[in-house]
Amino acid sequence: MYGTQSKRDLTLEMQSQIPILRPSIHSRRANITVKFQDLYGFTVEGNVDDANIINEVREKVREQGRVWWSLEASKGANWYLQTDVSSALKASLKFSVLVNAITLKKLIRKGIPPVLRPKVWFSLSGAAKKKSTVPDSYYNDLIIAVEGKVTPATKQIDHDLPRTFPGHPWLDTPEGHASLRRVLVGYSFRDSDVGYCQGLNYVAALLLLVMKTEEDAFWMLAVLLENVLVNDCYSSNLSGCHVEQRVFKDLLKKKCPSINAHLESLEFDVSLVATEWFLCLFSKSLPSETTLRVWDVLFYEGAKVLFNVALAIFKMKEEELLMAHHVGDVINVIQNTTHHLFDPDDLLTVAFDKFDKLGFMTSTNISKERKKQEPAVMAELDQRLRRLNSSNLEVDS
Amino acid sequence: MGCSSSLPDRSPGRVGGLNPDNGGDSDAKNLRVKLVLLGDSGVGKSCIVLRFVRGQFDPTSKVTVGASFLSQTIALQDSTTVKFEIWDTAGQERYAALAPLYYRGAAVGVIVYDITNPDSFHKAQYWVKELQKHGSPDIVLALVGNKADLQEKREVSVQAGIEYAEKNGMFFIETSAKTADNINQLFEEIAKRLPRPSPS
Ligand SMILES: Nc1nc2c(ncn2[C@@H]2O[C@H](COP(=O)(O)OP(=O)(O)OP(=O)(O)O)[C@@H](O)[C@H]2O)c(=O)[nH]1
Ligand SMILES: [Mg+2]
């Protein structure tokens with residue numbers, strides 16, 4: 001109904017295009033830069049090694065698909081949908097459920113095959129449950145009810161549609177814009193505290209690409225903001241985002257003390273790069289399949305995953321970072337790294353093997369850390385507000 | 001993914017002669033300058049930076065979230081070079097509380113509005129006040145009226161810009177990232193106004 005049919009066609013079309021390397025090659029310094037389309041239709045610029053890595057990743061994705069299929073064959077279709085450990089613990093614990101849960105966690109960290117992503121994300125994230133608590137017509141009704149309304153949020157959304165992944169073969173078409181607009185505008189009315197926050201455009205766009213229908217993308221966005229991520233991450237003062245930044249700074253200090261000390265000596269504030277990571281959930285910095293692999297784990301294990309990944313990006317480049325003399329050098333190291341992380345396992349191995357061992361990175365611990373940071377964030381935002389108000393008074397008088 | 005506005009510095013405009021042995025620190029001949037761009041969403045901050053750094057106008061820039069970083073070096077006539085380390089910030093109101101992170105220690109503040117949009121001119125005045133109060137004491141401020149190519153849609157007069165800038169001791173210029181008009185001039189004029197470290 002909302003152009004989902006042709007989107008599905010496009011997905012297929014894109015997948016058949018996968019192995020094609022675009023022949024537009026030009027040389028840059030000693031390297032050869034190649035432009036090609038990745039799994040989700042994004043144009044990527046990289047060297048020949050990068051192109052090879054992308055092809056290897058495609059092969060790994062296919063392999064991972066075979067693993068999932070064979071598990072379906074042995075455990076039954078949808079086995080992964082019945083692995084809620086907490087409810088199994090409450091009911092008399094079923095051993096098979098526990099085993100499945102452990103298998104599933106490992107499996108998800110190795111990646112959900114793109115074809116299964118819509119289904120697996122939708123159930124494991126809690127989106128399916130959220131949707132089931134309202135009438136079936138909720139989304140359609142919402143879209144019809146908000147049609148033609150103009151608010152500051154809709155105005156900003158309209159400015160941002162063409163500036164969201166420009167050049168993408170589906171997102172940057174009138175149909176793609178219309179679809180993204182409905183999701184974002186719909187959500188802005190569902191939660192008027194959030195309205196629309198820049199950054200959500202990228203998140204929703206990627207959700208649209210992955211999920212089969214616009215409506216499911218909407219519910220994924222809802223569950224993300226309402227259940228998965230920190231509270232008030234995108235609300236009008238971004239307080240949740242500020243909290244996450246402080247938690248992250250603390251973690252970096254604990255987990256990567258030498259990097260942290262060096263960055264402090266350069267007066268490099270990690271929020272300079274990490275703000276965008278936490279608001280776009282890496283979609284603006286990492287290659288698409290790598291971003292989606294992070295999201296695979298995010299939707300199953302929760303927002304703590306963002307910290308694992310952010311720490312891993314710093315950790316992977318420890319040596320280079322320690323040699324950086326300037327803020328600009330640090331940024332270049334980080335951006336070079338994130339843009340070229342075409343093999344998701346390079347990142348996720350560091351993220352989960354290194355930083356999970358000490359047992360600090362649990363959701364409970366992250367919640368505690370957030371609680372600790374909240375008062376400081378509130379005080380800071382409050383102070384800023386008062387400062388602004390007082391200078392406004394000066395202007396008026 | 002393909003984030004065009006935050007690729008690392010690999011521009012051909014990079015000029016040799018920054019002394020890499022001391023990490024390229026500023027000296028009297030080679031300045032390293034932190035510059036921050038502030039202004040309403042959509043006024044064209046990212047386009048100005050991309051035009052300056054890459055020499056291109058991409059009508060489909062990407063929405064900036066938080067801020068993005070780019071650098072560009074220019075050579076002046078007196079054979080000094082200035083390396084601008086540019087923070088291009090996000091314009092949406094709710095990002096304003098993040099601004100101090102980016103303007104802290106900045107030697108230059110470039111405040112941009114859109115000449116077709118009076119609201120953005122008002123917003124610019126808030127940023128001027130904020131930087132005057134909370135920016136570095138010797139910060140060089142520039143007021144930029146962008147989208148000067150859209151004369152027929154102009155709603156902020158040149159005079160209004162000039163007057164406001166004069167009153168606040170700022171440098172003023174109208175630019176177009178689309179036609180490249182005055183973009184290089186903007187950065188050259190800023191470079192000339194920088195306080196120079198005394199040669200030692
Ligand atoms: N005609 C004209 N259009 C421009 C000019 N500069 C920018 N634009 C357009 O204005 C839109 C917004 O430009 P951006 O550079 O993305 O704006 P921004 O200030 O960075 O916005 P945020 O990142 O949201 O804060 C773009 O789609 C451009 O096409 C200009 O000089 N002339
Ligand atoms: Mg921008």
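Which residue of chain A forms a salt bridge with B:E130? In this predicted model, the partner is A:R384, and the closest N and O atoms of the two residues are 2.9 Å apart. That pair is a handy place to start looking at how chain A and chain B meet, and from there we can move on to ligand 1, whose site is shared between chains because residues from chains A and B surround the ligand.

**Where chain A meets chain B**

- Chain A puts 55 residues into the contact, and chain B puts in 44 residues.
- Bringing the two chains together buries an area of about 4000 Å², and carbon and sulfur atoms account for 56% of that.
- If you are looking for charged pairs across this interface, the rule finds one salt bridge, formed by B:E130 and A:R384.
- Polar contacts between chain A and chain B link twelve residue pairs, counting pairs with both residues at pLDDT 80 or more.

**The chain A side of the interface**

- Several elements of chain A each supply at least two residues to the side that touches chain B; they are the strand β3 (43-46) and the helices α8 (152-160), α10 (200-210), α14 (271-280), α15 (288-301), α18 (327-339) and α20 (363-396).
- Among these elements, α20(A) gives the most, with eight residues.
- Sorted by class, the side of chain A that touches chain B holds 21 nonpolar, 23 polar and eleven charged residues.

- From chain A, the side chain of A:R163 has an N or O atom 2.7 Å from an oxygen atom of ligand 1.
- The side chain of A:Q198, also in chain A, has an N or O atom 3.3 Å from an oxygen atom of the ligand.
- On the chain B side, a nitrogen atom of ligand 1 is 2.7 Å from an N or O atom in the side chain of B:D149.
- On its own, ligand 1 has 650 Å² of accessible area, and the protein covers 91% of it.

Conventions. Residues numbered from 1 in each chain as written. Chains lettered and ligands numbered in written order. Predicted model: local features only at pLDDT ≥ 70, side-chain atom pairs only at ≥ 80, totals over all residues. Heavy atoms only, no water. Contact = heavy atoms within 4.5 Å. Buried area = accessible area lost by both parts, 1.4 Å probe. Salt bridge = Lys/Arg side-chain N within 4 Å of Asp/Glu carboxyl O. Polar contact = N/O pair within 3.5 Å; in protein donor to acceptor, adjacent residues only side chain to side chain. Helix = DSSP H or I, 4+ residues; strand = E, 2+ residues; numbered from the N terminus. Nonpolar A, V, L, I, M, F, W, Y, C, P; charged D, E, K, R; others polar. Near = heavy atom within 4 Å. Areas by Shrake-Rupley, 256 points an atom, 1.4 Å probe, with all protein chains shown as cover.
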